[in-house]
Amino acid sequence: MEPELRSNLRNTSTWKRLVFLVLFAVAFQVAELLLAAVAVLQFLFRLITGSANDRLAVFGAGLAEYLRRVVAYLTFAGDTRPFPFDDWPEAEPERAEPAPPEGDDPGNDGY
């Protein structure tokens with residue numbers, strides 16, 4: 001066995017990273033379920049009240065950023081361990097401009 005390979009196999013930080021990879025892969029799956037729940041709840045809020053729930057939108061934006069950080073850690077694109085080893089990400093939801101009601105085209109003078 002080559003000395004470099006032997007050294008790599010004995011590197012405890014690499015083996016610790018494997019443990020965290022497994023834990024964050026599980027956390028990712030749980031977060032996906034939360035994402036689905038938030039999406040369904042937001043749909044129901046929109047259906048019933050006509051608008052999305054702001055608090056759920058903020059939570060959803062934070063959850064999206066958390067998932068991005070987990071993916072970065074899992075793929076070695078980043079070395080910072082996500083929540084709970086770091087702060088929960090604060091993110092603002094992206095708000096799409098509401099579509100004007102049908103027939104309210106500002107460029108249409110009625111002709």
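Guide: The model is a predicted one, in which local features need pLDDT of at least 70, side-chain atom pairs count only at pLDDT 80 or more, and totals for chains, interfaces and linings use all residues. Residues are numbered from 1 along each chain as its sequence is written, and side-chain values use heavy atoms, with hydrogens and water left out.

Visitor: Which residues make up the largest nonpolar core?

Guide: In soluble globular proteins, nonpolar side chains tend to be buried together. A nonpolar core is a set of buried Ala, Val, Leu, Ile, Met, Phe, Trp, Tyr and Cys residues joined through side-chain atoms within 4.5 Å. The largest one in this structure has 10 residues: F20, L21, F24, F28, A31, L63, Y66, L67, V70 and Y73. At least two residues of this core come from helix 2, and at least two from helix 3.

Visitor: With which residues is Y73 in contact, leaving aside its neighbours within four places in sequence?

Guide: Contact means heavy atoms within 4.5 Å. By that rule Y73 touches R17, F20, L21 and F24, and also G78, D79, T80, R81 and P82. For the chain as a whole, among contacts between residues at least 6 apart in sequence, 61% join residues at least 24 apart.

Visitor: Which residues form a nonpolar patch on the surface?

Guide: Patches are made of residues with over 30% relative accessible area and no salt bridge; like charges are joined within 9 Å, and nonpolar side chains (Val, Leu, Ile, Met, Phe, Trp, Tyr) within 5 Å. In this model the patch consists of L5, L9, W15, L18, V22, V26, V30, L34, F59, F83 and W88, with about 970 Å² of accessible area together. Two or more of its residues come from each of helix 1 (3-9) and helix 2 (12-49), and helix 2 gives the most, with 6 residues. F59 belongs to helix 3 (residues 54-74) and counts as partly exposed, at 31% relative accessibility. Accessible areas come from the Shrake-Rupley method with a 1.4 Å probe; for residues, only the protein chains shown count as cover.

Visitor: How many salt bridges does a search of the whole structure find?

Guide: Side chains of opposite charge can pair when their charged atoms come close. A salt bridge is a side-chain nitrogen of Lys or Arg within 4 Å of a carboxyl oxygen of Asp or Glu. The search finds 4 of them. In one, the closest N and O atoms of E65 and R68 are 2.8 Å apart; these two residues lie 3 residues apart in helix 3, about one turn of the helix. E65 also pairs with R69, at 3.2 Å.

Visitor: Where do D86 and R69 lie?

Guide: D86 forms a salt bridge with R69, the closest N and O atoms being 4.0 Å apart. This pair links distant parts of the chain, with D86 in the segment after helix 3 and R69 in helix 3, 17 residues apart. Through shared partners, salt bridges join E65, R68, R69 and D86 into one network.

Definitions and conventions:
Helix = DSSP H or I, 4+ residues; strand = E, 2+ residues; numbered from the N terminus. Buried < 20%, exposed > 50% of the residue type's maximum accessible area, 1.4 Å probe, protein only.
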